[in-house]
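Here is a short briefing on one protein model. Look over the sequence and the structure first, then read the points below.

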Amino acid sequence: MNLPEQAKGTYLDIEGRQGQPMALESLDSSGLELLNFRPATTEEGSAHATVFATSDGLRKLQQKVSEFQSKNRLKKDDTVGRPYHANLIQGIHSIAEAALRSLWRSEANRFPAPNINAQWEVWIRPDSETTFRFAAQQAGIHLSAETLKFPEDTIVVATCNRAQMAQLVAGRGEVKALAVLATLPSFFDDLPPEDQADWVNSLTSNTQYQFGHDPSFVTVLDTGVSRAHPLINPVINQADRHSANLEWTVEDNRGHGTQMAGLAIYGDLTLPLQSGLPLSVRHRLESVKIYPDAGLNQHYLLGAITEKAVDFAETTGDRRRVFSLASTTDQDTPHDGAPTSWSSAIDKICFGSNDGESNKRLLAVSAGNTDQNKFMSMNYLEVCDSQEHELESPAQAWNAITVGAFTEKSTLSEESDGVAYAPVGDLSPSSRTSSWNSTWPLKPDVVLEGGNWCYSGFFPPLKHQDLQVLTTHHTFPQRAFCTIGETSAATALASRQLAMLWTEYPELWPETIRALYVSSARWTGQMLSHLPANALKSDYEALFSRYGYGVPDLPRATKSAANSLTLIVQDSIVPYAKSSKKGATNIVNNELKLFELPWPEAALRELGSTNVTLRVALSSFVQPNPAEASRGKKYLYASHNLRFKLNRANEDVTQFVSRISDEALEEEDEQIIDSSPDGWRFGVNRRDVGSLHIDELTCRASDLARRNFIAVHPVAGWWKSKKVVGTEPKGVRFALIVEINAEAAEIDLHTEVANSIALQVPISVDSQS
């Protein structure tokens, strides 16, 4: 048997000889790895072993077969003994290249049928996850963002048909086994209370709470949080539960807040409950109740109640807080992306004090949920994209991270009657979208798991516990678990990841954490399938309005791989200044910050025509001005607007700065046209809105070596155009994230550049601008 070129090995199906034991220890040594053993089921049947053989292991096995046929051992009396390797070879009837079924460890009747997409549990080697994910991406196979880790195995969920899985597995060696999804949320949700309590005890005994002296917090603005639950009690102190109205209790008598809390700390509980491995929790919880014990808040109070909730939380002191708000209203729709009183209050909360430096806040808000009764066909994206399912207020807030929902859930228990409604990797049917023009920010920013619906032949489709995520119930010990979905679940999951990222980098600002997190997001293959071939910039509009920038990748946000590099700048700029000419005092654009990117020029030039990708994110919180005159005018709502520019390959610094000044004036006159000479993927119409700007370009490495200057500069805002501007210019903070990725090239960027950006002397733009 010859291995294909570049194969790491091959999977073998070894059939045992009837009546003979198989030498399993010999099948797990010398370049052979025993992956699966199936004993004979009857006296006439044969045992089977699935083995992965490296090229060296295959050669040694062939040599052993040859020696068995031609060589005998000598006994002590020099008489002929048994053949060499007799125990191994006599126990083998045949050796063949293994089919996909040989890796299947679940019941035979649950092996996926041909020509249909199915969800597979894929058991891979823990050290091979990165390469396996890259191979799956190249093959167009969707892998779950979440993983289940064991000491010798990592489990990911792949969605594909049998032919695709066979192609992915062949010869690679990362895959150790395939199985049906073992444990669905319904398993835990349907357990009697005493059994649920046993699982809770098991998880708490395996959890290490390593908060340190200065942990990050997820501050849940919801219905309160129950401390009675053993999974919640260790992460929240009694003094860290508040209510926005002193007449309300701090207890959760509705359940939603405790459900959010469980996800904000542990994520989907089906994963840690199954793992049984030690779990480390490094961030904590706060709770502020923003709902009355009975009834609902008046609409006009929503912004004020949210501001009070933040104030109450901050009475406990200065902490790194991720405010988590899974609450929206339909009373402001349609708003077409324009500010409302509640969204403006969110922007005000995030912006903080007027000095431009302190009290900045990080806040995640849900996009709002669709009306299930509106779905009466299989084309659910049309319904989600309609204006009647526009994002609910305050999700259009500029400074918040708006969280929509996608889904990786499609497996139902065998007893269930129906199929998953939305395809894996696409929009969750519960998630609202944006439909407005380029005046207002692109929303949502990101999407996370929000569950799926079940279609059983009748409309509307229904929610199903197996297609949701598992979390904590507020009535413990009566119940420990329950399931939840929609954009609430997605927001809680995003808040968890944000707190984990901020715990890793406590010195970063809220503006920076927002930029790192959102910029890490990517669209799934299923999302990208909605693009036409040779997509234009305008074709991305549907993707942005549904999915934002896609699904966040926490490892990407936290760590750079050897062939990618993330550079972070935290700085401030005074965007405007007074200028007196001809007896008149005007406010003009002031500072421009110029940075020289420390590209490994020689290494990039050596790569020549090899493509590399540059991704840039610029984040700054704006002070809102929701006056009626500002509606429809992005330059009148935001206190300031910042932009980034990259020099062109043949553009020196003087030419670069001159171009920036001209383009800033063109944008303020609303005359700029996106002619896209710079090769940016998304373009100014999608990039230059809101207070978070992300774009990427792919070009030849040798060209990027010459594009080594990036500038941050202002365009108009109400600080410039309104007479209420104070006598002294205000400074504002910004975060700049620059990522270079040479994924296909053999280059180690970390050994080529220092993880810093050389700050140049700020340059003042012409005072007439």
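**The largest cavity**

The largest cavity is lined by 35 residues, and Glu146, Asp268, Leu271, Glu408 and Lys409 lie nearest its centre. This is a predicted model: local features need pLDDT of at least 70, side-chain atom pairs count only at pLDDT 80 or more, and totals for chains, interfaces and linings use all residues. Residues are numbered from 1 along each chain as its sequence is written.

- A cavity is a set of points on a 1 Å grid over the protein atoms alone where a 1.4 Å probe fits but cannot get out; lining residues have an atom within 4 Å of a point.
- The whole structure holds 7 cavities of 30 Å³ or more.
- The largest cavity has about 600 Å³ of space, a volume being the space filled by probe spheres set on the points, which are joined across faces, edges and corners.
- Its lining has 17 nonpolar, 10 polar and 8 charged residues. Ala, Val, Leu, Ile, Met, Phe, Trp, Tyr, Cys and Pro count as nonpolar, Asp, Glu, Lys and Arg as charged, and the others, Gly among them, as polar.

**Helix 7**

- Helices (H or I, at least four residues) and strands (E, at least two) are DSSP runs, numbered from the N terminus.
- In helix 7 (residues 256-266), 10 of the 11 residues are buried, meaning under 20% relative accessible area with a 1.4 Å probe, protein chains only.
- Gly267 follows helix 7 and has a positive phi, near 75 degrees.

- An open antiparallel sheet has 4 strands in the order 2-3-1-6. Strands pair if DSSP finds at least two bridges between them.
- Strand 2 (32-38) and strand 6 (92-97) are the edge strands.
- Phe37 stands opposite Ala49 in strand 3.

Methods: Side-chain values use heavy atoms; hydrogens and water are left out. Buried means under 20% relative accessible area, exposed over 50%, partly exposed in between (1.4 Å probe, protein chains only). On a 1 Å grid over the protein atoms alone, a cavity is a set of points where a 1.4 Å probe fits but cannot get out, and a pocket is an open set with protein on both sides within 12 Å along at least five of seven lines; lining residues have an atom within 4 Å of a point.
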